[in-house]
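Please keep the sequence and the structure in view while reading.

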Amino acid sequence: MPGPDQSPKTHTPNAHTSNALRRRGFLGLLAGASALPLLPAAASAGARATSEPATTTAYIGSMSSTGGRGFEVAAFDTATGKLTATTAVEGVPDASFFATSADGRVLYTTNELEQGSVTALDITDPAAPAVLGSTPTGGAGPTHLAVHPAGHLLAANYTDGTVSVHPLDADGRIGDATDLVRHDAAEPHAHQVLVAPDDELVVAVDLGADAVFVYALESGKLAQRQRLDLPTGTGPRHLAWHPDGNRAYLLAELASTITVLDWDGAAFTAGQVIGTRDDGAAGENFPAEIAVTGDGAHVYASNRGDDAIAVFAVREDGLERVGSTPTGGQWPRHFAFAPDGAALHVVNQHSGTITRLPRDPGTGLLSPAEESGAFASAVVLAFAP
């Protein structure tokens, strides 16, 4: 049964900060984590079945500061859904979110360190990535990044609440930051940055500011166009666009809610707020990742604490919660659609596993989890474009 709509829980500013810091300490990271990330093609591939080879390549990012290997290449068996590690790429520590160039030749990853950086890898040969170089973001704890069509890489730095802008060379190498914007809040924590459907405006989600920012990117500089404030204690983390480009779904890490946002091409308007948890769920819970299927029919969100994926059906007037399936692991920080859209692969950070949840494309419901692979401190997965 769908869960009831609910308003975000109200926290005092001190409680807001306490919850965020307690959650960060529990992760054992330097100062925060992102959901993760996935390659753009994998993020929206949900309902589109394609003809795939028997084996393809996947990339796994993990926290080398807590026992992971940083950036790993894996072989993905499309018949069984199994992931097998093939190699670790040296010099890519704490890889926590990915994005690719428009032509699919270069993969970018955050290095979620106190002195944050971003790394570019040549994936012309998907199975043998080559590091092109790393560049400081100028911020701390970068957790998310996006490629802007104007030839820039954008990075969200969680720890100090900043967004950095980097020019990209013709070969995909990352230049020094041309701008570093800090969100106006007592304790900002920029958790996500992405490009709007018009391929021009930039959107940044800030957990600490309880706000979503809209920017224009002009000559390598960010100019604020909107600030959408959410109720105190919401803790927005990640936003996912509907394929129609007129709607987005904003996942709240602290309130365990999704807010439906209308988008007019220049600004957001907040609408329905719906919970991500089962009725009567108890204990702490911190949602992490959200994604929409390619046909726009379903939305998925991970619940860390409940350790489950919540399933929503998209309705004309908002979302309807239709189910929840355990991930078979602990602390599901990120998930990605399989290349054929037939399953979700969930990255369970604390159990060091990736699990596969088969998916019914009609109902959107998920079947019980099957183990796909073991990767210590893994936080993000993407299938090669």
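## A buried arginine

A salt bridge is a side-chain nitrogen of Lys or Arg within 4 Å of a carboxyl oxygen of Asp or Glu, where Lys and Arg count as positive and Asp and Glu as negative, while His and the chain ends are not counted. A residue is called buried under 20% relative accessible area, exposed over 50% and partly exposed in between, with a 1.4 Å probe and protein chains only. R359 is buried yet has no salt bridge, and D295, the nearest side chain of opposite charge, is 4.8 Å away.

R359 lies in the loop between β26 (353–358) and β27 (370–374); strands are DSSP runs (E, at least two residues), numbered from the N terminus. The side chain of R359 reaches the backbone oxygen of G341 at 3.1 Å.

## How the model is to be read

This is a predicted model, in which local features need pLDDT of at least 70 and side-chain atom pairs count only at pLDDT 80 or more, whereas totals for chains, interfaces and linings use all residues. Residues are numbered from 1 along each chain as its sequence is written, and side-chain values use heavy atoms, with hydrogens and water left out.

The pLDDT is the predictor's confidence in each residue, from 0 to 100; the protein chain averages 89, and 86% of the residues score at least 70. Over residues 1–50, however, the pLDDT is below 50.

## Aromatic rings

Rings of Phe, Tyr and Trp (its six-membered ring) pair if their centres lie within 6.5 Å, and planes under 30 degrees apart count as stacked, over 60 as edge-to-face and the rest as tilted. By this rule there are nine aromatic pairs. The centres of the W241 and W263 rings are 5.4 Å apart and their planes stand at 70°, so this pair is edge-to-face. Because W241 lies in strand β16 (residues 236–241) and W263 in strand β18 (residues 257–263), the pair ties together parts that are 22 residues apart in sequence.

W241 counts as buried at 18% relative accessibility, and W263 counts as buried at 6%. W241 also pairs with F268: the ring centres are 5.6 Å apart and the planes at 25°, so this pair is stacked. It links distant parts of the chain, with W241 in strand β16 and F268 in strand β19 (residues 268–275), 27 residues apart. F268 counts as buried at 4% relative accessibility.

Technical notes:
Helix = DSSP H or I, 4+ residues; strand = E, 2+ residues; numbered from the N terminus. Polar contact = N/O pair within 3.5 Å; in protein donor to acceptor, adjacent residues only side chain to side chain. Contact = heavy atoms within 4.5 Å.
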